[in-house]
Amino acid sequence: MRRTAALCALAAVAVLASGCASTGAVSTAGMPGQLEPIHAAAFTRDTAVFWVSSNGCTSKADVKPFITRLRDSAVITLRRLDEDRCSDVKSEGVQLQWSFEELGLEPGSEVSVNNPYMMRQDVKAN
């Protein structure tokens with residue numbers, strides 16, 4: 001549990017460090033689709049979890065993770081392949097997750113995120 005909390009904190013720092021830059025640690029040139037802003041990301045020993053925007057129809061098939069291997073770590077870049085054209089906007093986004101096995105990573109691999117972090121905008125009535 002302590003390791004999971006530490007990994008989640010590390011993921012948050014990695015996400016915040018990427019800020020609003022359109023490219024973070026690695027180049028996205030040549031990758032299909034659009035760079036997907038994320039609401040949040042967290043990692044356990046063998047799972048990567050992301051919250052992405054949705055108009056009501058976003059599924060795992062619409063967003064593809066690309067893995068760039070660095071010397072001692074891997075960088076995950078989420079790219080949206082299919083636009084969500086539905087009209088039931090989910091302000092909190094939707095959760096998508098991949099096992100490290102699906103991503104071609106060994107359990108416990110050091111990973112970071114290459115996507116910009118998108119702050120949630122709450123609408124408040126006055």
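## Overall architecture

Helices (H or I, at least four residues) and strands (E, at least two) are DSSP runs, numbered from the N terminus. By this definition the chain has two helices and seven strands, and along the sequence these elements follow the pattern α-β-β-β-β-β-β-α-β.

The model is a predicted one, in which local features need pLDDT of at least 70 and side-chain atom pairs count only at pLDDT 80 or more, whereas totals for chains, interfaces and linings use all residues. Residues are numbered from 1 along each chain as its sequence is written, and side-chain values use heavy atoms, with hydrogens and water left out.

Burial is expressed as relative accessible area: buried means under 20%, exposed over 50%, and partly exposed in between (1.4 Å probe, protein chains only). Of the 126 residues of the chain, 36% count as buried. A contact means heavy atoms within 4.5 Å. Among contacts between residues at least 6 apart in sequence, 77% join residues at least 24 apart.

Two strands are said to pair if DSSP finds at least two bridges between them. An open sheet of three strands has the order E2-E3-E6, and its pairing is antiparallel. Strands E2 and E6 are the edge strands, each pairing on one side only. On average, neighbouring strands of this sheet are turned by 20° against each other, direction ignored; the axes are lines fitted to C-alpha atoms (for helices over the stretch in contact), and angles run from 0 to 180 degrees between N-to-C directions.

Strands E2 and E3 run antiparallel and are joined by five bridges. Phe 43 stands opposite Ala 48 in E3.

## The nonpolar core

A nonpolar core is a set of buried Ala, Val, Leu, Ile, Met, Phe, Trp, Tyr and Cys residues joined through side-chain atoms within 4.5 Å. In soluble globular proteins, nonpolar side chains tend to be buried together. The largest core of this model has 18 residues, and those with the most contacts inside it are Phe 43, Phe 50, Ile 76 and Leu 78. The elements giving two or more residues to this core are strands E2 (38–43), E3 (47–54), E5 (74–80), E6 (90–99) and E7 (111–113), together with helix H2 (100–103).

Leaving aside neighbours within four places in sequence, the residues in contact with Leu 78 include Leu 35, Ile 38, Phe 50, Val 52, Val 63 and Trp 98, and also Gln 34, Glu 36 and Asn 115.

## The disulfide

A disulfide is assigned to a pair of cysteine sulfur atoms within 2.5 Å. The structure holds one disulfide, formed by Cys 57 and Cys 86 with their sulfur atoms 1.4 Å apart. The link of Cys 57 and Cys 86 is left-handed, with -75° about the S-S bond. Cys 57 lies in the loop between E3 and strand E4 (63–69) and Cys 86 in the loop between E5 and E6, so the pair ties together parts that are 29 residues apart in sequence.

Cys 57 counts as partly exposed because its relative accessibility is 38%; Cys 86 is likewise partly exposed, at 29%.

Ser 27 lies in the loop between helix H1 (2–18) and strand E1 (34–35). Ser 27 is exposed, with a relative accessible area of 53%. A polar atom of the Ser 27 side chain lies 3.1 Å from the backbone nitrogen of Ala 29.

The C-alpha atoms of Ser 27 and Asn 114 are separated by 8.9 Å, although these residues are 87 residues apart along the chain. Asn 114 is placed in the segment after E7 and counts as buried, at 0% relative accessibility. A polar contact is a pair of N or O atoms within 3.5 Å; within protein, one must be able to donate a hydrogen and the other to accept it, and residues adjacent in sequence count only if both atoms are side-chain atoms. The side chains of Asn 114 and Thr 77 make such a contact (3.1 Å).
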